[in-house]
Amino acid sequence: MNVVAALCHRFPEAALVARRFLDKSSKRAAETKPRKGHAFDPTKLVQYLHETVGAPRDVAQVTVGQFSHGQSNPTFTVRWGEKAVVVRKQPGGKLLKGAHDVGREFQFASHLGNQGVPTPHALALCDDTDILGTRFWVYDYVDGRHFRDPYLERASIDERPLLYKSAARAAATLHAAAPPPKLVEALGGPPKAGYLARQVKTWTRQYQGADEKLGVTTDARVADHADRLRSACEDHATDVGGDVDLLSVAHGDFRCDNLIYDEDGSVRAILDWELATLGHPLADVAYLCMPYEIPPFVAGPLSGFRGLNLDKHGVPPLEDLVGAYADALRSKERGADVAALCKAGLPHFDLFSSVGYFRIASICRGVYSRAKMGTASSA
C-alpha cells in the first residue's frame with residue numbers, strides 16, 4: 001500500500017473532502033468537443049445518421065460532442081434541433097479478443113428494452129468501419145441525472161438513499177427479465193456451466209493481453225492469484241447455482257455511474273452493456289455492494305464508503321440496499337426463481353466479490369495500456 005492509499009484508509013473523511021475539492025476544481029463538463037485521438041470528420045457520420053435516423057444532411061446543422069466520463073468505448077453526442085442521439089464506437093488500434101464489443105451492447109439494449117428493462121432505445125448498429133474507423137452503434141440520448149462516483153455528490157443527502165435503492169431495484173428488474181430467445185441465439189446459445197470460472201478465465205486473458213500490448217510479462221503474483229481464484233470458482237461451481245435452472249442476464253459493470261436517473265429518483269436507463277452476458281445475478285449485486293468495502297480515495301473511479309459514517313453521507317446500510325433488491329424481486333414474474341438462485345450463491349458472496357475485484361484490476365490494466373497508446377476513452 002502506497003502512502004496516499006494508507007492515508008486515505010486512515011483518514012477516510014479527509015480523503016473524501018480532498019476528492020470533493022479536486023472534483024470541483026477540475027470543472028470538467030459532462031461533454032466536451034471530440035478530444036485528440038478521438039476526433040473525426042463528421043461528414044460520413046452525418047450522412048449515415050441522415051439515412052438511418054433522419055438527421056439533417058448538412059453537417060453545419062449538427063453538433064458533435066464527446067462525453068468526458070468513461071474509459072471504455074469512446075462515446076459521442078450528435079445533436080440537431082431538439083433531437084439528440086448517442087454514438088458509441090470501439091476505440092482504435094489493436095483490440096483484445098472480445099473487448100469493446102459494441103455489437104454485444106446493441107444486442108442487449110435492443111432485446112432487453114422490450115422486456116421492461118430500462119435500456120437506451122437502440123437505433124442502429126454499423127459495421128462499416130469506413131465511417132468512423134471502427135464499428136459503432138447509435139441510441140437515443142437519455143436525458144436525466146448522472147453521477148460520476150458512488151457518493152452521488154450532486155444529490156442531496158436526503159435523496160441519496162432513494163437513489164441507491166433505485167439502483168438495486170433496477171438490478172432486480174434486469175435479473176428477473178427472461179432473456180429473449182433471439183438474444184440467447186445472438187450470444188451463441190445457452191452458456192456452459194461455471195459462470196464465475198469463465199469470468200476469471202476471461203479477465204486473466206484480458207490482463208495478460210494488456211501486458212502484451214505494454215511489452216511486459218504479467219507479474220507472477222497476478223498469474224498465481226488468477227489460478228487460485230479460478231480453482232475456487234470451479235470447486236464451488238455447483239454450489240453457487242444450487243438446483244435452480246435459470247437463464248439470467250448479468251450486466252457485468254452494474255454501478256451507479258452506469259445509470260441515468262429521472263428527477264423522481266427512478267432509473268431511466270442502464271448504460272454500458274459491453275460486459276453483459278448470461279450469468280449469475282449475484283455477480284451484479286456483489287459489484288453494486290463493493291463500495292462498502294473500499295475506502296475513499298482522493299482521486300480515481302475506485303472509491304468507496306469504508307470507514308465513513310454512512311448516515312452522515314446519505315448512504316443506506318448494506319442490508320437496506322440488499323433488502324431493496326430482494327423486495328423488488330418479489331413483485332417480478334420470475335422473482336422467486338432469481339431469489340432462489342441468489343440464495344444458493346449467498347454463502348459464497350465473497351467469491352463473487354473477489355471475481356469482481358479481479359475484473360476491476362484487469363480493466364484498470366487495460367485502461368492503462370490504452371492510455372499509454374492514447375486510445376483510452378477519457379485520454
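Mentor: Let's start on a strand: Gly 65 sits opposite Thr 77 of β3. Before going on, keep in mind that this is a predicted model, where local features need pLDDT of at least 70, side-chain atom pairs count only at pLDDT 80 or more, and totals for chains, interfaces and linings use all residues. Residues are numbered from 1 along each chain as its sequence is written, and side-chain values use heavy atoms, with hydrogens and water left out.

Trainee: Which strands pair with β3, and in what sense?

Mentor: Pairing requires at least two bridges found by DSSP between two strands. Strands themselves are DSSP runs of E, at least two residues long, while helices are runs of H or I of at least four, numbered from the N terminus. Here, β2 (residues 63-67) pairs with β3 in the antiparallel sense over 4 bridges. β4 (residues 83-89) is also antiparallel to β3, joined by 6 bridges. Thr 77 has Val 86 as its bridge partner in β4.

Trainee: What lies between β3 and β4?

Mentor: A turn: the two strands make a hairpin with 2 residues between them, and Gly 81 there has a positive phi of about 55°.

Trainee: How many residues of β3 are buried?

Mentor: Buried means under 20% relative accessible area, exposed over 50%, and partly exposed in between, using a 1.4 Å probe and protein chains only. In β3 (residues 75-80), 5 of the 6 residues are buried, so the strand is largely enclosed by the rest of the structure. Across the protein's 379 residues, 49% count as buried.

Trainee: And helices? Where do the buried residues of α9 fall?

Mentor: An α-helix has 3.6 residues a turn, so residues three or four places apart point the same way. In α9, the buried ones are Val 222, Ala 226, Leu 229 and Cys 233. Looking down the axis, they fall within an arc of 70° (taken from the directions from the helix axis to the C-beta atoms), so they line one face of α9. The face turned away from that side carries exposed Ala 220, Arg 221, Arg 228 and Asp 235.

Trainee: What covers the buried residues of α9?

Mentor: We go by contacts, meaning heavy atoms within 4.5 Å. The cover includes α8 (195-214), α10 (237-241) and α14 (349-373).

Trainee: What happens at the start of α9?

Mentor: A side-chain oxygen of Asp 219 comes to within 2.7 Å of the backbone nitrogen of Arg 221.

Notes
Polar contact = N/O pair within 3.5 Å; in protein donor to acceptor, adjacent residues only side chain to side chain.
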